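Here is a short note to read beside the model. Take the points in order.

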Amino acid sequence: TLQLASLPGIQAFSDRALLGMLKSFAGIHRERELTKWKRDFRLGAGVGAYVVNIIIGMDAGWAVEGAVGSEYKIDATYLSPHVNM
C-alpha cells in the first residue's frame, strides 16, 4: 500500500484541501440569501423543513464522480475502491 506521508508536498496539499473545505462550509452558512430561503414559508411548508447543508469527505486515490437524482434534487456519488462514504 502507498504511504501518503511519504509523498512530497502531501502536507501542504492536504492543508489546502482542508482550508478549502472549511471556506466552503463557512460560505454556505454565512450566505444571506440561503438564510432568507430557510425562513421562506413556501419552501418549508410552514414547518421549517428547508435546510441547506454540505457534507464533505476527503480521501486519497482515484474515483469516478457522477450525478444521481431527478430534476428537483441532484446528489453527487463516487465510485471507487478508495472511497468509503
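**Notes on the predicted model**

1. Start with the second largest pocket. Its lining consists of Leu 4, Ile 10, Gln 11, Phe 13, Ser 14, Ala 17, Met 58, Asp 59 and Ala 60. On a 1 Å grid over the protein atoms alone, a pocket is an open set of points where a 1.4 Å probe fits, with protein on both sides within 12 Å along at least five of seven lines; lining residues have an atom within 4 Å of a point.

2. That lining holds six nonpolar residues, two polar and one charged. The pocket's volume is about 230 Å³, taken as the space filled by probe spheres set on the points.

3. This is a predicted model: local features need pLDDT of at least 70, side-chain atom pairs count only at pLDDT 80 or more, and totals for chains, interfaces and linings use all residues. Residues are numbered from 1 along each chain as its sequence is written, and side-chain values use heavy atoms, without hydrogens and water.

4. How far can you trust it? The mean pLDDT (the predictor's confidence in each residue, from 0 to 100) is 78, and 86% of the residues score at least 70.

5. The protein has three helices and two strands, DSSP runs of H or I (at least four residues) and E (at least two). Their order from the N terminus is α-α-α-β-β.

6. Of the 85 residues, 5% are buried, meaning under 20% relative accessible area with a 1.4 Å probe, protein chains only.

Notes
Nonpolar A, V, L, I, M, F, W, Y, C, P; charged D, E, K, R; others polar. Buried < 20%, exposed > 50% of the residue type's maximum accessible area, 1.4 Å probe, protein only.
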